[in-house]
Amino acid sequence: METETKKCIYVLEDNANIADIIEFLLTEEDYTVEVCKNANSFWQKMEEHTPDMIVLDVLLPDANGVDICLSLKRNIRTHRIPVLMMSGNNHLNKVKAKCDADSYINKPFDLNDFVQRIDYYSRTAF
């Protein structure tokens, strides 16, 4: 019998309520989830392990999610990791023009749509 390892998703979200919902939702979908509340803890986790996908908020207390996305997509080690950008300010067109995330979603978001995007992009991870 083949055992399949769980896909690992890093969630960089400073709002505890949103982070908890995403963590619960993705854990129920059988993903391993690591929640980071700030950019510093995210970069520390990235040094320890490379995830299969990243869910990234645009506005963070200690960084800009667009800048983090740019760093990830410009790095040879991380450029293939799918990134889903989230924003609550409804300016995703501006975000899309600045970074090459794989997908973008406005908060609040439809939970089924969110899970479908995660499933799709986590399958494309290398």
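Me: How do helix 2 and helix 3 run, roughly parallel or roughly antiparallel to each other?
Reply: This is a predicted model. The axes of helix 2 (residues 39-48) and helix 3 cross at roughly 15 degrees. Angles under 35 degrees count as roughly parallel. The two helices, helix 2 and helix 3, are therefore roughly parallel.

Me: Which residues of helix 3 make the contact with helix 2?
Reply: Helix 2 passes helix 3 in a right-handed crossing. From helix 2, the contact uses Ala39, Phe42, Trp43 and Met46. From helix 3, the partners are Ile68, Ser71 and Leu72.

Me: How is helix 1 placed against helix 5, in the terms used for angles?
Reply: Two packed helices are described by the angle between their axes and the distance between the axes. Here the axes of helix 1 and helix 5 (residues 111-123) come within 11 Å and cross at roughly 60 degrees. That angle makes the placement of helix 1 against helix 5 oblique.

Me: What is the handedness of the crossing of helix 1 and helix 5, left-handed or right-handed?
Reply: Start with the residues that meet. Helix 1 brings Ile21, Ile22, Leu25 and Leu26, and helix 5 brings Leu111, Phe114, Val115 and Ile118. The crossing of helix 1 and helix 5 is right-handed.

Me: How far from Cys99 is the nearest cysteine sulfur?
Reply: Cys99 is in no disulfide. Its nearest cysteine sulfur belongs to Cys69. A disulfide would need the sulfur atoms within 2.5 Å. The distance to the sulfur of Cys69 is 3.6 Å.

Me: Is Cys36 buried or exposed?
Reply: Check the accessible area. Buried means under 20%. The relative accessible area of Cys36 is 1%, so Cys36 is buried.

Me: What relative accessible area does Cys99 have?
Reply: Cys99 is classed as buried. That class covers values under 20%. For Cys99, the relative accessible area is 2%.

Me: Is Glu13 buried or exposed?
Reply: Glu13 sits in the loop between strand 1 (8-12) and helix 1 (16-28). Its contacts include Ile18, Cys36, Asp57 and Met86. The relative accessible area of Glu13 is 0%, so Glu13 is buried.

Me: Which side chain is joined to that of Glu13 by a polar contact of 2.9 Å?
Reply: Glu13 touches several residues beyond four places away in sequence, including Ala19, Lys37 and Lys107. A polar contact is a pair of N or O atoms within 3.5 Å. At 2.9 Å, the side chain in polar contact with Glu13 is that of Lys107.

Me: What is omega for the peptide bond that joins Lys107 and Pro108?
Reply: Pro108 is in the loop between strand 5 (103-106) and helix 5. Most peptide bonds are trans. The bond from Lys107 to Pro108 is cis, with omega about -5 degrees.

Me: What is phi of Asp30 near?
Reply: Asp30 lies in the loop between helix 1 and strand 2 (32-36). Asp30 is partly exposed, at a relative accessible area of 47%. Most residues other than glycine have a negative phi. Asp30 has a positive one, near 75 degrees.

Me: What separates the C-alpha atoms of Glu23 and Val33?
Reply: Glu23 is part of helix 1, and at 30% relative accessibility it counts as partly exposed. Beyond four places away in sequence, Glu23 touches Val33 and Val35. Glu23 and Val33 are ten residues apart along the chain, and their C-alpha atoms are separated by 6.1 Å.

Me: Which residue's backbone oxygen does the side chain of Thr27 reach at 2.7 Å?
Reply: Thr27 lies in helix 1. At 41% relative accessibility, Thr27 counts as partly exposed. The oxygen that the Thr27 side chain reaches at 2.7 Å is on the backbone of Glu23.

Me: How far apart in space are Leu70 and Asp100, C-alpha to C-alpha?
Reply: Leu70 is in helix 3, where it counts as partly exposed at 21% relative accessibility. Leu70 touches Lys98 and Cys99. In sequence, Leu70 and Asp100 are 30 residues apart; in space, C-alpha to C-alpha, the distance is 7.1 Å.

Key: Residues are numbered from 1 along each chain as its sequence is written. This is a predicted model: local features need pLDDT of at least 70, side-chain atom pairs count only at pLDDT 80 or more; totals for chains, interfaces and linings use all residues. Side-chain values use heavy atoms; hydrogens and water are left out. Buried means under 20% relative accessible area, exposed over 50%, partly exposed in between (1.4 Å probe, protein chains only). Helices (H or I, at least four residues) and strands (E, at least two) are DSSP runs, numbered from the N terminus. A polar contact is a pair of N or O atoms within 3.5 Å; within protein, one must be able to donate a hydrogen and the other to accept it, and residues adjacent in sequence count only if both atoms are side-chain atoms. Contact means heavy atoms within 4.5 Å. Axes are lines fitted to C-alpha atoms, for helices over the stretch in contact, and angles run from 0 to 180 degrees between N-to-C directions. Angles under 35 degrees count as roughly parallel, over 145 as roughly antiparallel, 65 to 115 as roughly perpendicular and the rest as oblique. A crossing is left-handed if the near helix is turned anticlockwise from the far one by less than a right angle, and right-handed if clockwise.
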